[in-house]
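Trainee: Please give me a close look at one part of this model. Keep it brisk.

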Amino acid sequence: MIIKINTKSETPIYLQLRNEVVKGIGKGEFEIGESLPTVRQMAMELGVNTMTVSKAYQLLKAEGFIETDRRKGTVVCNLRDSRRSSDGEFQEKLADELELLSAEATIRGMDQNDFIELCRKAFQGMEVAFS
């Protein structure tokens, strides 16, 4: 997977990296059990500080997307079979993020049908990985 980082973005690089890995998992570009590059390797590939990558990996680990295995290194977890995908905390976070996105779309003049169509297309792209 090619990870895209925008150094001119207002979004912190560690958060961009976290988001790219999550999208990669969702799209099937990172498979369950697959090893991710080491912190040093990822930092070198992206041209960023190792602490930036470490912060992204720590966040991904706290959220349950990855885990560290002494034999395999950092590997992608299977959240689909866990209770985390349906727990109240995740549902609340998702609702908050969708509310914010809906507000921004409304402010910028997007109508509900166009917004829902974008959501459908984005979700459809993720379904391929877990079919």
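Mentor: Start with Leu101, which sits in helix H4, residues 88–107 (helices are DSSP runs of H or I, at least four residues, numbered from the N terminus). The model is predicted, so local features need pLDDT of at least 70 and side-chain atom pairs count only at 80 or more, while totals for chains, interfaces and linings use all residues. Numbering runs from 1 along each chain as its sequence is written, and side-chain values use heavy atoms, without hydrogens or water.

Leu101 has a relative accessible area of 46%, so it is partly exposed (buried is under 20%, exposed over 50%, partly exposed in between; 1.4 Å probe, protein chains only).

Now compare Glu20, in helix H1. Its relative accessibility is 10%, so Glu20 counts as buried. Leaving aside neighbours within four places in sequence, Glu20 contacts Met1, Ile2, Ile3 and Lys4 (contact means heavy atoms within 4.5 Å). The Glu20 side chain also makes a polar contact with the Lys23 side chain, at 3.2 Å (N or O atoms within 3.5 Å, one able to donate a hydrogen and the other to accept it; sequence-adjacent residues count only through side-chain atoms on both sides).

Definitions and conventions:
Helices (H or I, at least four residues) and strands (E, at least two) are DSSP runs, numbered from the N terminus.
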